[in-house]
Every structure is written in structure tokens, then in C-alpha cells.
Amino acid sequence: MSQKIKAVIYDCDGVLFDSFEANYAFYHQILERFGKPAIDRGDHDTMRILHTYCNKDVLEYLFAGDDRMDEVRAFSAGIDYRKLFPLMVMEQGLRETLDALKGRVELAICTNRASSMDILLASFGLDGYFSCVMTAGRVKNPKPHPEPLFKVLEHYGLAPDEALFVGDSDVDRRAAQGAGVPFVAYRGDLGGTTRIDRHQDLLLLL
């Protein structure tokens with residue numbers, strides 16, 4: 001794997017940050033505003049969708065068949081996500097790993113977040129590391145479609161096997177598979193993929 005890899009691409013939620021509580025609080029506000037019951041934390045399918053799909057798809061799932069969709073989207077777009085940053089926790093060992101990788105490989109992000117990414121990176125002091133930040137707002141088809149990864153490869157002029165994609169969900173794995181990019185599962189058991197349990201373990205793969 002080592003000599004060939006010229007870029008490491010990271011998913012955001014669940015990989016750079018534990019954003020479980022922030023995401024839950026975000027969608028809880030929307031459901032409450034429109035008189036819907038709170039999400040049951042034990043409902044694994046809904047929780048998985050909440051944390052891996054883009055905002056548009058999550059809202060369509062939570063409000064399926066609801067004729068207030070335009071209002072829901074407008075309300076969602078008006079929420080100041082920065083107020084939820086205190087609920088986010090940077091993953092242990094991330095900064096040290098980025099310091100070790102910087103200058104050796106290109107560093108990029110490929111996320112289904114749409115608009116809060118730049119402020120998020122800046123508020124945690126990570127904005128100096130990533131030279132390409134691909135969000136759901138910059139593509140027609142967010143993950144699990146491979147388009148966002150293709151755009152990152154195009155940005156650097158790289159072949160798929162010259163990059164690694166570090167993700168934590170099946171949505172990430174499917175995007176990587178579709179783009180032909182080698183996939184590394186962060187703390188997830190995603191069947192037949194290379195897995196790391198700590199960010200520093202990535203250095204051993206390169």
C-alpha cells in the first residue's frame with residue numbers, strides 16, 4: 001500500500017469527530033418544532049441514517065409523506081450549527097496523525113455535511129491540514145454515490161489506487177467501492193476491509 005498512496009481522504013462524522021450528540025440535538029430541534037416524537041436512541045436504523053446520510057436524505061426519511069417539507073427544510077437551514085460544536089469531541093490521536101502525515105501526502109475530507117464544514121474545522125484548529133474539503137453541498141450525488149470521491153481525485157489529478165479513504169459507515173464503504181479507492185474502516189466492522197482502531201494505526205499502513 002505504502003509507496004503508492006499520495007492522498008488520505010477522511011470522512012468527518014464518526015472519524016474526525018464523535019458528533020453523535022450534536023447530530024442528535026440538531027434533528028431533535030427540527031422534530032420538536034414540527035410536533036414529531038423524539039427519535040428513539042435504541043432505533044438503530046434511524047440512528048444510522050441520522051449519522052451517515054446527507055441532511056436532505058435524513059429529512060426526507062424523518063418526514064416521509066409530510067406535506068410541510070419546504071418549511072422543514074427552511075427551518076433546518078436556519079439552525080446555527082455552531083451552537084452544537086460544544087457537543088462534538090475530536091477523536092483521540094487525530095491531530096498527531098495529521099501532523100505526521102502533513103507534507104507526506106495530500107489530506108482531504110469527503111463528507112455528507114453540507115454547509116458547516118469550514119467553520120467546524122476552523123473552530124477546532126484543523127483548517128490548516130486539509131487542501132480539499134468535499135461536502136454534500138458541492139456535488140449532485142452525495143455518498144454513497146462515488147461522485148464526491150471522484151471530485152477529490154480529480155482535484156489532485158490522482159488515480160483511485162493512489163488514495164485511501166478512511167470512513168466509519170457502510171455509506172463510506174460503498175462510495176469507496178464505487179470510486180475504486182482503497183477503504184480503511186475506522187472502528188467499524190465493515191466486512192473484508194482494512195480496519196484501524198486508532199488514528200495512529202493509519203501511519204503503519206502508509
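Which residues lie nearest the centre of the second largest pocket? In this predicted model, the second largest pocket is lined by 19 residues, and those nearest its centre are Gly-14, Phe-20, His-51, Thr-52 and Asp-168. A pocket is here an open set of points, on a 1 Å grid over the protein atoms alone, where a 1.4 Å probe fits and where protein lies on both sides within 12 Å along at least five of seven lines, and lining residues have an atom within 4 Å of a point. Strand 2 (17-18), helix 1 and helix 2 are the elements that give two or more residues to this lining, and helix 2 provides the largest share, five residues. Helices (H or I, at least four residues) and strands (E, at least two) are DSSP runs, numbered from the N terminus. The space in the second largest pocket amounts to about 340 Å³, where a volume is the space filled by probe spheres set on the points, with grid points joined across faces, edges and corners. By residue class, the lining of the second largest pocket consists of four nonpolar, eight polar and seven charged residues, with Ala, Val, Leu, Ile, Met, Phe, Trp, Tyr, Cys and Pro counted as nonpolar, Asp, Glu, Lys and Arg as charged, and the others, Gly among them, as polar.

Residues are numbered from 1 along each chain as its sequence is written, and side-chain values use heavy atoms, with hydrogens and water left out. Because the model is predicted, local features need pLDDT of at least 70 and side-chain atom pairs count only at pLDDT 80 or more, whereas totals for chains, interfaces and linings use all residues.

The largest pocket holds about 530 Å³ of space. It is lined by 30 residues, of which Asn-55, Tyr-81, Arg-113, Ala-114 and Ser-116 are the closest to its centre. At least two residues of this lining come from each of helix 1 (20-33), helix 2, helix 3 (55-62) and helix 4 (69-78), and the lining as a whole divides into 11 nonpolar, 10 polar and nine charged residues.

The protein chain contains nine helices and eight strands. Its radius of gyration, taken over C-alpha atoms, is 17 Å, which agrees with the value near 17 Å for a compact globule of 206 residues under the rule of 2.2 Å times the number of residues to the power 0.38. Along the principal axes, the C-alpha atoms fill a box of roughly 55 × 30 × 30 Å. Of the 206 residues, 50% are buried, where buried means under 20% relative accessible area, exposed over 50% and partly exposed in between (1.4 Å probe, protein chains only). Among the contacts (heavy atoms within 4.5 Å) with a separation of 6 or more, 64% join residues 24 or more positions apart.

Helix 2 (44-52) has Thr-46, Met-47, Ile-49, Leu-50, His-51 and Thr-52 as buried residues, and these pack against helix 1, helix 3 and helix 8. In helix 3 the buried residues are Val-58, Leu-59 and Leu-62. They cover an arc of only 95° around the axis, which puts them on the same side of helix 3, the arc being that of the directions from the helix axis to the C-beta atoms. The cover over the buried residues of helix 3 includes helix 1, helix 2 and helix 4.

The buried residues of helix 8 (residues 170-179) are Val-171, Asp-172, Ala-175, Ala-176 and Ala-179. Viewed down the axis, these fall within an arc of 130°, so they line one face of helix 8. They are covered by elements including helix 2, helix 7 (147-156), strand 6 (163-167) and strand 7 (183-186). After helix 8 comes Gly-180, with a positive phi near 75°.

Within helix 5 (residues 94-101) lies Leu-98, which counts as buried at 0% relative accessibility. Leaving aside residues up to four places away in sequence, Leu-98 touches Tyr-10, Leu-107, Leu-126, Tyr-129 and Phe-130.

Two features of the backbone remain to be described. Most residues other than glycine have a negative phi, and most peptide bonds are trans. Lys-143 and Pro-144, however, are joined by a cis peptide bond with omega of about 15°, and Pro-144 is placed in the loop between strand 5 (132-134) and helix 7. Arg-187, a residue other than glycine, has a positive phi near 60°; Arg-187 lies in the loop between strand 7 and strand 8 (194-196) and counts as partly exposed at 43% relative accessibility.
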